[in-house]
Amino acid sequence: MVRFGAVNFALCRSELNCRHAGIIPLAGTDAQRVELKVKTQSKKVNKSWLNDHVNDPYVKLAQKEGYRARAAFKLKEIDEQLGLIKPGNVVVDLGCAPGAWSQYVRRRLSPEGAAVGDLNGTIIGLDLLHMEPVEGVTFLQGDFREAEVLAQLEEVLQGRIVDVVVSDMAPNLSGIESTDAARISHLVELAVEFAQKHLKTDGALVVKVFHGSSYSPLTKLFKQTFQVVKPIKPKASRDKSSETFLVGMGVKNRQITNP
Ligand SMILES: C[S@@+](CC[C@H](N)C(=O)[O-])C[C@H]1O[C@@H](n2cnc3c(N)ncnc32)[C@H](O)[C@@H]1O
C-alpha cells in the first residue's frame, strides 16, 4: 500500500522509472539522427560532470576521510551550524544509500569520533537500494512511501522517541517540472508526518528540497510544523544544483501515540 502525504499526489510507477521521458522513438533515419544528437549531448554533459567531479575538493576530502560520498559534508556543515546531533541520540536516516550521512552520524555518536568501535546512540537507515553495512547502523531496505515499510521502521524503533530525522531522499527526476515537484513534495510530506509521530518535542528534521514550484509550499508546511525553520544551502552542495535543505527544529503539533 502506498502512503500519501498531506497533499495527495497520484504518481504512476511508469512515470517514476521514466528517466528519458524526452526521447520519443522515431523510425528510420530521423530516429538515428535524434538518437545521435541525444547521445552527443549527454556525452558532453557526462564529460563536464566527470571533470567537475574529479576536481571537486569535497570528492577528494571524502576519499581522504573514508566517506562513501561527498554528501557527508552537506550534513556535516548543517550539523556544525545548528548542533543537531548529540551523544546518545536516536537518529533516523531516510534515503541513506550509499551511506555517507550514516557514516557521518556514526562518527558523531562515537565517543572518539571513530568509524568503528564504541557507539553512544542509535542509527537506523532506510533506502530503496541496498547499502553496504556501516558499523553500528541498522539498515532497512524498502520504499518509504509504502505503509509496510513504515511499519517495519516503526518496529525497529520499538517505541523509542527519535532525536533527529535526516532525509536526503530524492526521486528519479523526469525533467517535467510539475511531475518532479509532486514527487519531491510527496517524499518530504511523508518525512514531516514521520517526524510529527516520532520526534521528541525539541527534535529536528533535515530534508532535501529543490528550488521550483514545490519549494514554497514545503517551506510553508515546515513553518506550520516546526517552531524554527532554517533553509540551508551547504557549501558542499554544488552551486549549479537547485537542491537545498530545510531544517525544522521543535515540533509544534506532535502526533505521538506512545510518548
Ligand atoms: C542522494 S541519495 C542519498 C545519499 C546519502 N544521503 C548518502 O550520504 O550516501 C538519495 C537516496 O534516496 C533514496 N530514495 C529515493 N526515494 C526513496 C524512497 N521512496 N524510499 C527510500 N529511499 C528512497 C535513493 O534510493 C537514494 O539512495
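I take a nonpolar core to be a set of buried Ala, Val, Leu, Ile, Met, Phe, Trp, Tyr and Cys residues joined through C-beta atoms within 7 Å. I am working on a predicted model.

**Core**

I looked up the largest nonpolar core and found 58 residues in it. A72, L94, W101, V165, A191 and L205 have the most contacts inside this core.

**Whole chain**

I counted eight helices and seven strands in the chain. Of the 259 residues, 35% are buried. I also checked contacts with a separation of 6 or more: residues 24 or more positions apart account for 69% of them.

**Sheet**

I traced the strand order next. The sheet is open, has seven strands and runs β3-β2-β1-β4-β5-β7-β6. Its pairing is mixed. Which strands stand at the edges? I find β3 (137–141) and β6 (226–232) there; each has a single partner strand, so one side of each lacks a neighbour in the sheet. From one strand to the next, the twist averages 15°.

Strand β1 (residues 90–94) pairs with strand β4 (residues 162–167) in the parallel sense, over four bridges. I looked for the bridge partner of L94 in β4, and S167 is that partner.

**L94**

I stayed with L94, listed above among the core residues with the most contacts. I set aside its neighbours within four places in sequence. L94 is then in contact with L126, F144, V165, V166, S167, M169 and A191. Two of these names, V165 and A191, are also on the list of core residues with the most contacts.

**G99**

I moved on to the loop between β1 and α5, where G99 lies. Is G99 buried or exposed? I count 23 other C-beta atoms within 10 Å of G99. The cut-off for buried is 20 or more, so G99 is buried. Leaving out residues up to four places away in sequence, I list R68, M131, E132 and V134 as touching G99. I also took the distance to H130, which is 31 residues from G99 along the chain. Their C-alpha atoms are separated by 10.0 Å.

Conventions. Residues are numbered from 1 along each chain as its sequence is written. This is a predicted model: local features need pLDDT of at least 70, side-chain atom pairs count only at pLDDT 80 or more; totals for chains, interfaces and linings use all residues. Two strands pair if DSSP finds at least two bridges between them. Helices (H or I, at least four residues) and strands (E, at least two) are DSSP runs, numbered from the N terminus. Axes are lines fitted to C-alpha atoms, for helices over the stretch in contact, and angles run from 0 to 180 degrees between N-to-C directions. A residue is buried if 20 or more other C-beta atoms lie within 10 Å of its own, exposed if 12 or fewer, and partly exposed in between; C-beta atoms are placed from the backbone. Two residues are in contact if their C-beta atoms, placed from the backbone, lie within 7 Å.
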